[in-house]
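Please read it alongside the sequence and the model.

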Amino acid sequence: MQLFFLCLILGITVAVPPQEKRVHHQRDLSDHVHDDDHGYQYDHEAFLGKDEAKTFDQLTPEESKTRLGKIVDRIDMNKDGYVSHAELHQWIKHRQRRYIEENVDKHWKDYDQNKDGKIAWTEYKNTTYGYYLDDAFDDIENKETYKAMLRRDERRFKVADKDGDGITTREEFTAFLHPEEFDYMKEVVVQETVEDIDKNGDGKVNLEEYIGDMFTPEAGENEPEWVTTERKQFLEVRDINKDGFLDASEVALWILPGDVDHADNEARHLIHETDKDNDGRLSMTEIMDKLDVVKVSTITDYGSLLLEKHDEL
């Protein structure tokens with residue numbers, strides 16, 4: 001537990017476990033496994049945000065404390081010297097929103113070719129596929145894959161484009177890039193997921209397709225325990241009508257788990273693990289105590305909190 005709070009601001013890339021990769025938790029809090037027995041990378045990214053969690057080699061332990069103190073000061077909205085559950089929850093939600101906004105900003109500059117403040121399908125298509133379209137995809141090995149990608153992008157774009165004029169506003173383009181964030185895009189999220197997993201093209205997901213999307217055994221490899229658990233999940237939980245398949249509605253219940261507030265759950269988890277005096281809030285001392293046993297080499301993975309950018313947090 002000693003590394004807990006600082007691990008909120010470390011930048012170590014770990015893949016999501018295969019059995020969780022299809023599930024959308026609003027904006028993902030992290031690409032990391034939420035398993036405190038194997039580290040706190042999930043908590044770190046939930047706290048700081050993915051793009052901030054990058055290597056920052058020149059930080060000393062004292063600089064790390066200073067920067068962390070500035071972050072905590074921003075979280076402490078009422079300036080009472082403590083971080084409450086509500087303040088931490090609000091901060092994590094803020095980081096989620098900021099990630100989406102920055103991601104859209106980054107892509108907007110590339111795709112708004114005529115700088116009119118909107119992105120037309122033709123602009124997106126020409127920027128993304130223009131070279132390949134000129135040559136009818138003949139110069140690439142997997143041209144059928146690229147054609148399928150183009151068709152999928154066009155379908156998603158049309159769904160995001162609410163008024164059907166072939167041009168997306170900023171909100172519509174955000175829905176195109178992050179469809180899991182918008183209720184009216186959920187059907188296309190489910191459709192794309194089914195298409196990815198459904199190898200025989202029957203429009204449903206059978207058990208072997210479900211497992212095959214997560215696990216491909218090497219020659220002679222025994223099936224891990226988690227795969228056995230997932231088989232049981234498919235049969236006993238996912239396949240609600242017990243027909244041996246997951247249809248679109250059953251896939252939706254699997255990958256879009258409803259109204260669970262993962263930011264709220266994460267805030268509660270962080271306080272539970274860090275609150276030494278059990279008063280339901282975090283003092284600066286409780287937070288800084290988590291730095292005591294962290295190695296310098298770990299601290300220097302702190303994240304790109306450049307001062308001029310940090311002021312915008």
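## Basis of the description

Helices (H or I, at least four residues) and strands (E, at least two) are DSSP runs, numbered from the N terminus. This is a predicted model, in which local features need pLDDT of at least 70, side-chain atom pairs count only at pLDDT 80 or more, and totals for chains, interfaces and linings use all residues. Residues are numbered from 1 along each chain as its sequence is written, and side-chain values use heavy atoms, with hydrogens and water left out.

## Overall picture

The protein contains 14 helices and 6 strands. Of its 313 residues, 44% count as buried; the term buried means under 20% relative accessible area, exposed means over 50%, and partly exposed lies in between (1.4 Å probe, protein chains only).

A contact means heavy atoms within 4.5 Å. Among the contacts in the protein with a separation of 6 or more, 65% come from residues 24 or more positions apart.

Helix 3 covers residues 85-111, and Asn103 lies in it. With a relative accessible area of 11%, Asn103 is buried. Leaving aside residues up to four places away in sequence, Asn103 touches Leu177 and His178.

Helix 2 (residues 61-75) packs against helix 3 at an angle of about 105°, and their axes are 9 Å apart. Here axes are lines fitted to C-alpha atoms, for helices over the stretch in contact, and angles run from 0 to 180 degrees between N-to-C directions. Helix 2 and helix 3 are therefore roughly perpendicular to each other. Angles of 65 to 115 degrees count as roughly perpendicular, under 35 as roughly parallel, over 145 as roughly antiparallel and the rest as oblique.

On the helix 2 side, Ile71, Arg74 and Ile75 meet Glu87, Leu88 and Trp91 of helix 3. The residues of this contact divide into 4 nonpolar, no polar and 2 charged. In this grouping, Ala, Val, Leu, Ile, Met, Phe, Trp, Tyr, Cys and Pro count as nonpolar, Asp, Glu, Lys and Arg as charged, and the others, Gly among them, as polar.

## Salt bridges

Side chains of opposite charge can pair when their charged atoms come close. A salt bridge is a side-chain nitrogen of Lys or Arg within 4 Å of a carboxyl oxygen of Asp or Glu. The structure holds 14 salt bridges. One of them joins Arg98 to Glu102, with the closest N and O atoms 2.5 Å apart. Because Arg98 and Glu102 are 4 residues apart in helix 3, about one helical turn separates them. Arg98 counts as buried, at 9% relative accessibility.

Arg170 and Asp105 also form a salt bridge (2.2 Å, N to O). Arg170 lies in helix 6 (residues 170-177) and Asp105 in helix 3, so this pair ties together parts that are 65 residues apart in sequence. Arg170 is partly exposed at 36% relative accessibility, and Asp105 is partly exposed at 34%. In a further salt bridge, the closest N and O atoms of Glu195 and Arg155 are 2.8 Å apart. Glu195 belongs to helix 7 (residues 186-197) and Arg155 to helix 5 (residues 143-160), so the pair ties together parts that are 40 residues apart in sequence. Salt bridges with shared partners join Arg152, Arg155, Glu195 and Asp196 into one network.

Glu172 is placed in helix 6. Not counting residues up to four places away in sequence, Glu172 touches Ala160, Asp161, Lys162, Asp163, Ile167 and Tyr184.
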